[in-house]
Amino acid sequence: MDPSHVHESCDGCPAKIVCRCLRVTEAQVVRMIERLELRTVHDLRKYTGAGDGCTCCHEKLEEYLGKHACQIEAVV
Ligand code: FES
């Protein structure tokens with residue numbers, strides 16, 4: 001194998017698995033957050049299945065929500 005095609009990290013790879021238990025990819029999680037305007041891990045579990053196993057990916061799911069979910073500004 002040509003070593004120039006080997007990546008040390010899978011960050012940014014659309015097939016990167018975020019939830020190993022349910023085999024849900026980063027691309028699936030981001031797409032569902034953006035299309036369905038999901039805002040909670042509970043929502044992600046409901047629509048993707050991600051996080052429905054051992055729960056160790058919940059912290060990562062929260063990061064994706066923080067990065068990709070629409071931010072609602074509080075009206076005071
Ligand atoms: S890795 Fe997501 S529930 Fe286990």
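Leaving aside residues up to four places away in sequence, Cys-21 touches Gly-53 and Cys-54. The structure examined here is a predicted model. Although 33 residues separate Cys-21 from Cys-54 in sequence, their C-alpha atoms lie 7.0 Å apart in space. Cys-21 belongs to the loop that connects β1 (17-19) and β2 (24-25). Its relative accessibility is 43%, so Cys-21 counts as partly exposed.

Glu-26 is part of helix α1, which comprises residues 26-36. Residues under 20% relative accessible area are classed as buried; Glu-26 has a relative accessibility of 15% and therefore counts as buried. The side chain of Glu-26 is joined to that of Tyr-64 by a polar contact of 2.5 Å.

Helix α1 also meets helix α2 (residues 41-48), and the axes of the two helices come within 11 Å and cross at roughly 110°. Angles of 65 to 115 degrees count as roughly perpendicular, and α1 and α2 are therefore roughly perpendicular to each other. On the α1 side, the contact involves Gln-28, Val-29, Met-32, Ile-33 and Leu-36, while α2 contributes Leu-44, Tyr-47 and Thr-48. Six of the residues in this contact between α1 and α2 are nonpolar and two are polar, with no charged residue among them.

Technical notes
Residues are numbered from 1 along each chain as its sequence is written. This is a predicted model: local features need pLDDT of at least 70, side-chain atom pairs count only at pLDDT 80 or more; totals for chains, interfaces and linings use all residues. Side-chain values use heavy atoms; hydrogens and water are left out. Helices (H or I, at least four residues) and strands (E, at least two) are DSSP runs, numbered from the N terminus. Buried means under 20% relative accessible area, exposed over 50%, partly exposed in between (1.4 Å probe, protein chains only). Contact means heavy atoms within 4.5 Å. A polar contact is a pair of N or O atoms within 3.5 Å; within protein, one must be able to donate a hydrogen and the other to accept it, and residues adjacent in sequence count only if both atoms are side-chain atoms. Axes are lines fitted to C-alpha atoms, for helices over the stretch in contact, and angles run from 0 to 180 degrees between N-to-C directions. Angles under 35 degrees count as roughly parallel, over 145 as roughly antiparallel, 65 to 115 as roughly perpendicular and the rest as oblique. Ala, Val, Leu, Ile, Met, Phe, Trp, Tyr, Cys and Pro count as nonpolar, Asp, Glu, Lys and Arg as charged, and the others, Gly among them, as polar.
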